[in-house]
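Subject: Structure handover

Hello,

Here is the structure I said I would pass on. My notes follow below it.

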Amino acid sequence: MTVYMRTAVAAAAALAFSVSLAAQWPSYPTPDVPRKDGKPDLTGPPPRTADGKVDFSGIWQNGGGGGGGGGRGRGAGAAPGAGPAGPGGAANAGAAAPAAGAGANAAAPAAGGGAGAGGGARAAGGRANAGQPQAPFDPNAIVNSTFFEVAGRGYPLPMRPWAEALKKERMANDNKDNPDVWCLPIGLMQYHNHPQPRQIVQTKNLMLITYESNYGLRYIYTDGRPAPNNDPTPWWFGYSRGRWEGNDTLVVETTNFLGDERSGWLDVDGTPYTDALKLTERFTRPTFGTLQIDITIDDPKAFTRPFTVRVNQRLMVDQEMMEFICNENENSTDHIDVPAWRKEGGTPRQLGPNMPIKTPPAP
């Protein structure tokens, strides 16, 4: 299994293993996918349920690579007119590097095309565009979220002093306490941006999202229930309720997050969130092969104001999710200093302005 701190090279590793991954399962065509000359044509309108609402069901991967039926390193089955695939001519193996800069009003990418706006792709093991001048920041833009930075590199996150200090502390510590290192759920934003795919199963009253990474499972209730008001036990995934705006947009509000030092990571670089976090996601499916999610992050303990980011994903067809058991043959953490909360008698700190931080915030 791959330890989280080595996710910087995930793209290269996934590409290297793409041939063996593709050979694990027999090829079986995804039902009900429009095709042209035998190849998936994902540029048409999205599918709909019997009551006329958009159906988000499918296996989805980051918008930066794969889509159009490629995925996991296979370029076959790309939509007609698709742009170039990933490095070496093959579609990136489910792990195309996310856009690194702050993107301006990034529309969902066309099926089989490249990443949305947001700067160059992150190089494996490093940060893209290092030392290069950034484009002027547009405060009215919806920026592309990335795996390493929740609002893309260059976006001035409105963090409170304690949150900024904690993020610096985490980065100085090589982000070794990220929950993925310890095979724990990695939080919704990291799941959204993770290079491993996720599968949506939509029913009338419930939408399930299974994440290949760490075998995560999320419930989104669409039966009209309100937010819980009985002080329930917080969840790693939060408590999600969805409602429809017309037939094209599903609005999902998630609260009741755990928000302690084990769980409170919005990205690889350690941008924190607390138990006050409210995520509001707007799911749309502009075409058969594209999924766009605009996400407003509102956490008054960690940020001075809410901000909105965008996640673009693309449909994978003629493929299946893989079983990924994080703890299987996991030996890497034997060589990492154990977090205090994992030691005998240790208790995870609840994140917030009064938590002790080794590096105090600047006055």
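Which residue lies over the face of Trp 265? Arg 170 does, at 4.0 Å from the ring centre. Please keep in mind that this is a predicted model.

Aromatic residues

A pair of aromatic rings is described by the distance of the centres and the angle of the planes. Tyr 219, at 34%, counts as partly exposed. Over the whole structure, the search gives 11 aromatic pairs.

In soluble globular proteins, nonpolar side chains tend to be buried together. In this model the largest nonpolar core has 46 residues, and Ile 297 and Phe 307 touch the most other members. Elements that give two or more residues to this core include helix H3 (161–172), helix H4 (188–193), strand E9 (249–255) and strand E12 (307–316). Leaving aside neighbours within four places in sequence, Phe 307 is in contact with several residues, among them Val 150, Tyr 155, Leu 157, Pro 158 and Ile 297. Another core, of five residues, lies apart from the largest one; Val 181, Trp 182, Ile 336 and Trp 341 are among its members.

Strand E9 and its partners

Is strand E9 mostly covered or mostly uncovered? E9 is mostly covered, with six of its seven residues buried. On one count of partners, E9 pairs with strand E8 (residues 239–245) in the antiparallel sense, over seven bridges. Within that pairing, Arg 241 stands opposite Glu 253 in E9. E8 and E9 form a hairpin with three residues between them, and Gly 246 in the turn has a positive phi of about 65 degrees. E9 also runs antiparallel to E10, to which five bridges join it. There, Val 251 stands opposite Arg 282 in E10.

Regards

Definitions and conventions: Residues numbered from 1 in each chain as written. Predicted model: local features only at pLDDT ≥ 70, side-chain atom pairs only at ≥ 80, totals over all residues. Heavy atoms only, no water. Phe/Tyr/Trp six-rings, centres within 6.5 Å; stacked < 30°, edge-to-face > 60°. Buried < 20%, exposed > 50% of the residue type's maximum accessible area, 1.4 Å probe, protein only. Lys NZ or Arg CZ within 6 Å of the ring centre and 35° of its normal. Core = buried A, V, L, I, M, F, W, Y, C linked by side-chain atoms within 4.5 Å. Helix = DSSP H or I, 4+ residues; strand = E, 2+ residues; numbered from the N terminus. Contact = heavy atoms within 4.5 Å. Pairing = 2+ DSSP bridges.
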